[in-house]
Amino acid sequence: MKMTAFKSLAAAFALGALTLVQAPALAQDATLKVEDAWVRATVPSQHATGVFMRLTSSAPARLVGVESDAAKHVEVHEMAMQDNVMKMRQIPALDLPAGQPVELKPGGYHVMLIDLARQISVGDPVALTLLVQDADGKQRRVPVTAEARPLAAAAKSAGDH
C-alpha cells in the first residue's frame with residue numbers, strides 16, 4: 001500500500017514538473033486560454049515587430065490592450081483590405097467570442113511592439129500582459145510569455161499540436 005501511494009505521489013510530481021516546463025508556451029487564467037504565443041525575432045536597428053497567439057475565452061470577452069517592457073508602445077492591430085490595398089491599423093479592442101478560438105497571426109489580427117527596448121533574438125522570451133475585459137466591463141490581466149521565432153517563421157497550424 002505504501003509503494004502505491006509513493007508511485008501516485010511520484011506521478012503527480014512528474015505531471016506538475018511537466019506542466020511547469022510547458023508553462024511559457026501556454027498561459028491561461030480561469031476563462032482565457034492562450035496558446036502558441038510567439039514573437040517575430042528582429043534584426044539590429046529594427047524598431048517594431050509582431051506578436052502572435054491563439055486566444056480562446058470560455059465567456060464573451062474583449063482583448064482591450066497589451067503591455068510589455070519590450071517596447072515603448074504596444075498595440076493591437078488588424079490587417080485589412082482598404083481600397084484594394086492591404087493596410088495595417090490599430091484597433092481599440094478585439095472581440096473574443098465564448099468558446100471560439102481567435103487567431104492572432106501574420107496577415108491578420110496581431111500585437112505590435114513599437115519602439116523596441118532592444119533587439120529580439122531567436123529563442124528570447126518576451127513577457128506580455130494581456131488586458132481582457134469581460135461582458136460586465138471588469139478587466140483582468142493575463143501574463144503571457146512569447147518565444148521569439150526566426151523572421152521567416154509562420155504560425156503553426158492547429159494540426160501541428
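User: What does the accessible surface of the protein come to?
Analyst: The accessible surface comes to about 9700 Å², and 58% of that belongs to carbon and sulfur atoms. Such areas come from the Shrake-Rupley method with a 1.4 Å probe, and for residues only the protein chains shown count as cover. This is a predicted model, in which local features need pLDDT of at least 70 and side-chain atom pairs count only at pLDDT 80 or more, while totals for chains, interfaces and linings use all residues. Residues are numbered from 1 along each chain as its sequence is written, and side-chain values use heavy atoms, with hydrogens and water left out.

User: What is the mean pLDDT?
Analyst: The mean pLDDT, the predictor's confidence in each residue from 0 to 100, is 84 for the protein, and 76% of the residues reach 70 or more. Over residues 4-28 the pLDDT is below 50, and this stretch has 15 contacts in the model (heavy atoms within 4.5 Å) beyond near neighbours in sequence. Residues 157-161 also have pLDDT below 50, with three contacts beyond near neighbours in sequence.

User: How many of the residues are buried, as a percentage?
Analyst: Of the 161 residues, 35% count as buried. Buried means under 20% relative accessible area, exposed over 50%, and partly exposed in between, using a 1.4 Å probe and protein chains only.

User: And what about contacts along the chain?
Analyst: Among contacts between residues at least 6 apart in sequence, 66% join residues at least 24 apart.

User: Turning to H110, where is it?
Analyst: H110 sits in strand 9, residues 110-116. Its relative accessible area is 4%, so H110 is buried. Leaving out residues up to four places away in sequence, H110 touches V51, F52, E75, V76, H77, M79, M88, L104 and K105. A polar atom of the H110 side chain also lies 2.8 Å from the backbone oxygen of G108.

User: Is I91 buried or exposed?
Analyst: I91 counts as buried because its relative accessibility is 9%. I91 is found in the loop between strand 6 (85-90) and strand 7 (94-96). Apart from residues up to four places away in sequence, I91 touches V76, H77, E78 and Y109. The C-alpha atoms of I91 and V76 are 5.9 Å apart, although the two residues are separated by 15 residues in sequence.

User: How many aromatic pairs are there?
Analyst: The count comes to one aromatic pair. The rings of W38 and F52 have centres 4.6 Å apart and planes at 40°, so the pair is tilted. W38 lies in strand 2 (residues 32-40) and F52 in strand 3 (residues 48-57), so the pair ties together parts 14 residues apart in sequence. Both W38 and F52 are buried. For the rule itself, rings of Phe, Tyr and Trp (its six-membered ring) pair if their centres lie within 6.5 Å; planes under 30 degrees apart count as stacked, over 60 as edge-to-face and the rest as tilted.

User: How many salt bridges are there?
Analyst: The count comes to eight salt bridges, each a side-chain nitrogen of Lys or Arg within 4 Å of a carboxyl oxygen of Asp or Glu. One of them joins the side chains of R54 and E103 at 3.2 Å, N to O. That pair links distant parts of the chain, with R54 in strand 3 and E103 in strand 8 (residues 102-104), 49 residues apart.

User: Which residues are linked in a network of salt bridges?
Analyst: K33, E35, R54 and E103 are linked in such a network.

User: What about R141 and E67?
Analyst: R141 forms a salt bridge with E67, their closest N and O atoms being 2.6 Å apart. R141 belongs to strand 11 (residues 139-149) and E67 to strand 4 (residues 61-67), 74 residues apart. R141 is exposed, with a relative accessible area of 51%, while E67 counts as partly exposed at 32%.

User: Where does T129 come in, and what is it in contact with?
Analyst: T129 lies in strand 10, residues 125-134. Leaving aside neighbours within four places in sequence, T129 is in contact with G65, V66, E67, R141, V142 and P143. T129 counts as buried, with 18% relative accessibility.

Conventions. Helices (H or I, at least four residues) and strands (E, at least two) are DSSP runs, numbered from the N terminus. A polar contact is a pair of N or O atoms within 3.5 Å; within protein, one must be able to donate a hydrogen and the other to accept it, and residues adjacent in sequence count only if both atoms are side-chain atoms.
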